[in-house]
Amino acid sequence: MQILITGNMGYVGPVVVRHLRRRWPDAKLIGYDTGYFADCLTSAEGLPETLLDTQLFGDVRDLPPALLDGVDAVVHLAAISNDPMGSRYEAATNEINARASIRLAALAHQAGVRAFVFASSCSIYGFAEGGPRREGDTLNPLTAYARSKVAVEESLHAMQPQAMTVTCLRFATACGMSPRLRLDLVLNDFVAGALASQEISVLSDGSPWRPLIEVRDMARAIEWAIARDVEHGGRVLSVNVGSDAWNLQVRDIAQAVARAVPGTRVSVNSAAPPDRRSYRVDFGLYRDLAPQHQPRIGLAEAVQALRDGLGAIDFADPGYRTGRCIRLTVLDQLRDRAALGSDLRRLVPAAEERVAA
Ligand SMILES: NC(=O)c1ccc[n+]([C@@H]2O[C@H](COP(=O)([O-])OP(=O)(O)OC[C@H]3O[C@@H](n4cnc5c(N)ncnc54)[C@H](O)[C@@H]3O)[C@@H](O)[C@H]2O)c1
């Protein structure tokens, strides 16, 4: 089996690659990434890309069709992947997240790929009052990032593939340790604050609902989507991926982290305007379709893995909210160094950029 993983050099990608390598030791795994965050390692264990057979550097907007020859499954992670980046780089977000993804799915279909797995997001529910959202409910994307995910899902449902399964995994907000950790994610941010300054500062009033999923459980869902047959969900499927137990309000996430890291204070910004993003999600469809691949990792285990991982790299930076684990900071720094254009295309090849940095 050959699996192409785009965006493998981000936060989720290395954990997915490690899981797929364990699950299918003989598979040929190919990574394709433009390498925005190649240097943002948070692991003492060396480059996660060594688990691949091949690492290719390139922009997904220019992905050569020949790369899909002989590929059985595509795991498409490459994206400008949060709201702050999407709002600063809106045109590029539309090009990369929407147009390039739709093109890639069409190329995969033409090349005879068997499974196309798209990393979508529960953030497409936006602000959703009145109970947990199911897949058929009205979407309410509030940001360029969320709108890009909706655009791809709509195109994938319209494409009517003949022999390829297409799975849009609407992931809850990710959390947990990774060889390229992000601290611009709610749980990870709180654990970093607790460790670096014994304080969790909640930027909102803490009331928004934010379902979570640990990265290792995301990897297990991707494994399921690669292998699923058409009887389990149909030819093109959108499914919420997470667990009902992890539908939490932000203030409860903060309190749980504070309990796990004794001595941590929690400050809530009660004067903050209400966060427009708040949604609870119904994960019943995923429970029915993938009983063997349900999320297994609980909050305590996720926090402990983060503490262990951050401890292993001697993390103690109270200024982490503007550091190299914040994706927007990294993109802005690449722009300042003239390594990227305003369209987020590389002006300097990734390898040269690293030598120059
Ligand atoms: N982290 C989450 O909370 C979460 C939740 C739901 C869905 N997702 C989705 O999962 C996927 C992976 O998320 P992540 O957290 O690992 O994101 P990330 O930002 O950490 O990694 C994305 C990777 O894509 C690469 N990339 C971006 N633009 C590219 C381009 N034009 N060409 C080639 N490579 C490009 C980047 O270099 C990076 O390595 C994304 O599609 C994201 O939208 C993430």
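The model is predicted, so local features need pLDDT of at least 70 and side-chain atom pairs pLDDT 80 or more, while totals for chains, interfaces and linings use all residues. Residues are numbered from 1 along each chain as its sequence is written, and side-chain values use heavy atoms, without hydrogens and water.

Seven strands form an open sheet in the order S3-S2-S1-S4-S5-S6-S10, with parallel pairing. Strands (E, at least two residues) and helices (H or I, at least four) are DSSP runs numbered from the N terminus, and two strands pair if DSSP finds at least two bridges between them. At the edges are S3 (54-57) and S10 (236-241), each of which pairs on one side only. Within the sheet, S4 (residues 73-76) and S5 (residues 115-121) run parallel and are joined by four bridges. Val74 has Phe116 in S5 as its bridge partner.

Helix H3 (residues 90-111) packs on this sheet and touches S1 (2-6), S4 and S5; contact means heavy atoms within 4.5 Å.

The second largest pocket has a volume of about 420 Å³. A pocket is an open set of points on a 1 Å grid over the protein atoms alone, where a 1.4 Å probe fits, with protein on both sides within 12 Å along at least five of seven lines; lining residues have an atom within 4 Å of a point. A volume is the space filled by probe spheres set on the points, which are joined across faces, edges and corners. Of the 21 lining residues, Arg18, Ser43, Glu45, Ser178 and Pro179 are the closest to the centre of this second largest pocket. Helix H9 gives the largest share of the lining, four residues.

Terms used. Axes fitted to C-alpha atoms, helices over the stretch in contact; angles between N-to-C directions.
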